[in-house]
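Welcome, and thanks for taking a look at this protein with us. Please have the sequence and the 3D view open side by side as you read.

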Amino acid sequence: PVGPTEFGRWAALNGPLALAAFGVNVVEAGPDDQFDITHDETETGQQELYVVISGRVRFSGRVFLFSNP
């Protein structure tokens, strides 16, 4: 279940999807939500993929800005 965190409404999906090779998370953001997510994978070399299902997100440095169309 998606629950409230400092990064918005968030949940890990690895368990429910039975995934072990890579991580999958879901974040639900409302209109005009703004999060400063300090997250850096430079040392691990991991890549990240973001998929927006509805609305828009703008990445500005470490800040994620969400809006509805």
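Let us begin with a pair of strands: β1 and β2 run antiparallel to each other, joined over three bridges. Strands are taken to pair if DSSP finds at least two bridges between them. Strands themselves (E, at least two residues) and helices (H or I, at least four residues) are DSSP runs, numbered from the N terminus. Within this pairing, Gly3 has Trp10 in β2 as its bridge partner.

Before going further, a word on the source: this is a predicted model, in which local features need pLDDT of at least 70 and side-chain atom pairs count only at pLDDT 80 or more, while totals for chains, interfaces and linings use all residues. Residues are numbered from 1 along each chain as its sequence is written, and side-chain values use heavy atoms, with hydrogens and water left out.

**The sheet**

Strand β2, residues 8-12, also pairs with β3 in the antiparallel sense, this time over four bridges. Here Arg9 stands opposite Glu28 in β3. Taken together, three strands make an open antiparallel sheet in the order β1-β2-β3. β1 (3-5) and β3 (25-28) are the edge strands, each with a single partner, so one side of each has no neighbour in the sheet. From one strand to the next, the twist averages 40 degrees; the axes behind such angles are lines fitted to C-alpha atoms, for helices over the stretch in contact, and the angles run from 0 to 180 degrees between N-to-C directions.

**The whole chain**

Buried means under 20% relative accessible area, exposed means over 50%, and partly exposed lies in between (1.4 Å probe, protein chains only). The accessible surface of the protein chain is about 5600 Å², with 53% of it belonging to carbon and sulfur atoms. Such areas come from the Shrake-Rupley method with a 1.4 Å probe; for residues, only the protein chains shown count as cover. Among contacts (heavy atoms within 4.5 Å) with a separation of 6 or more, 39% join residues 24 or more positions apart.

**Loops and their residues**

Ala18 sits in the loop between α1 (14-17) and β3. The phi angle of Ala18 is near 55 degrees, a positive value in a residue other than glycine. Ala18 counts as exposed because its relative accessible area is 67%.

Ala29 lies in the loop between β3 and β4, and Ala29 is partly exposed, at 30% relative accessibility. The loop between β4 (34-36) and β5 (56-60) holds Ile53, and Leu49 and Gly55 are found in the loop between β4 and β5 too. Gly55 is partly exposed, with a relative accessible area of 24%. Exposed residues include Leu49, at 75%, and Ile53, at 79%.

Which residues form a nonpolar patch on the surface? Leu49, Val51 and Ile53 do, with about 410 Å² of accessible area together. Patches are made of residues with over 30% relative accessible area and no salt bridge, joining like charges within 9 Å and nonpolar side chains (Val, Leu, Ile, Met, Phe, Trp, Tyr) within 5 Å. A salt bridge is a side-chain nitrogen of Lys or Arg within 4 Å of a carboxyl oxygen of Asp or Glu.

| Pair | Separation in sequence | C-alpha to C-alpha distance |
|---|---|---|
| Ala29 and Ser54 | 25 residues | 9.9 Å |
| Leu49 and Val24 | 25 residues | 9.4 Å |
| Gly55 and Pro31 | 24 residues | 8.2 Å |
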